[in-house]
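Let's take a walk through this protein, starting with the whole chain and then stopping at one strand. Have the model open as you read.

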Amino acid sequence: MAEKYKKQDISRASRLSVAPMMDWTDRHCRYLHRQLSRQALLYTEMVTAPALVRGGAVHLLDYSPEEQPLALQLGGSDPAELAEAARLGAAAGYGEINLNCGCPSDRVQSGCFGAVLMEKPALVADCVAAMRAAVAAEITVKCRIGVDDQDPEVVLPQFLEQIAEAGCRRVIIHARKAWLQGLSPKENRDIPPLDYDLVLRMKARFPDLHISINGGITTLAQAKTLLEAGLDGVMIGRAAYHDPAAILGAADAEIFGTGAVCPPERAVQAMLPYIEAHLAQGGKLHQVTRHMLGLFAGRPGAR
């Protein structure tokens, strides 16, 4: 599968992507999402470089080939360790390896990765350069517009300039600040105000950089508006998880201009052989079906 998804295929798929979400976008979730959309780019949960390199937890890289096109998100801040983790990811067949510079959790801060890296653009550039030197897979970055008391108008262009110089050609910008002091990770997803205009200005300022936007996008209509405004891609998180049929079931037709709308009933039917195989291997039903609860969201009798 490593050869099937070249950089241009991954880049095209990133026109619409599903955000990496801890405890949510595991392999069972991604398999479901792939039944609904053949085109959208899917992401793993964040996997830490230390877990792969020092902990030997390569099972965290497991996926079904049907999930492709698929990107691996890594967390870390040591260039050499990230390079080795990227090698493991590329060997597993991931066509994109993304560096997390946006997660605001306390656990991530203490490990010096995630949103705290917005304060260390030179280190992020070193990480990007090391990962690019290690693998042929595309190296991308997911970031915030700034953290704490930083001025996004100043720090975001500086950050983008440094990672671009290091060879990053594609970036996903969560259009909110992260408040590392005073807000919980959950509050950081909603309370800091969105600034889509700033992200649009960054696209105008860095026209050669492939920029996707993330944060607060809940419909395909919103996604299309942002794409028409000049952005290269849109990443949707919680809405794609809680109402996957509305977002992903219509994505191929609405966003990529190919294929038909996939009704949730068809996705359920497609999941049955996968569920049977999972149970036969000793897995639990809930591990798969917990991700399917939103398939009939808003429809009478859904509960």
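This is a predicted model: local features need pLDDT of at least 70, side-chain atom pairs count only at pLDDT 80 or more; totals for chains, interfaces and linings use all residues.

Residues are numbered from 1 along each chain as its sequence is written, and side-chain values use heavy atoms, with hydrogens and water left out.

The protein chain has 15 helices and eight strands (DSSP runs, H or I of at least four residues for helices and E of at least two for strands, numbered from the N terminus). Its C-alpha trace spans about 50 × 40 × 40 Å along the principal axes. Of the 303 residues, 55% are buried, meaning under 20% relative accessible area with a 1.4 Å probe, protein chains only. Take contacts (heavy atoms within 4.5 Å) between residues at least 6 apart in sequence: 73% of them join residues at least 24 apart.

Now zoom in on strand E6, residues 170–174. Five of its five residues are buried, so E6 is largely enclosed by the rest of the structure. Which way do the side chains go? Arg170, Ile172 and His174 point one way from E6, while Val171 and Ile173 point the other way.

E6 also has a partner: strand E5 (residues 138–144) runs parallel to E6, and four bridges join them (strands pair if DSSP finds at least two bridges between them). Within this pair, lysine 142 stands opposite isoleucine 172 of E6.

Note on methods. Buried means under 20% relative accessible area, exposed over 50%, partly exposed in between (1.4 Å probe, protein chains only).
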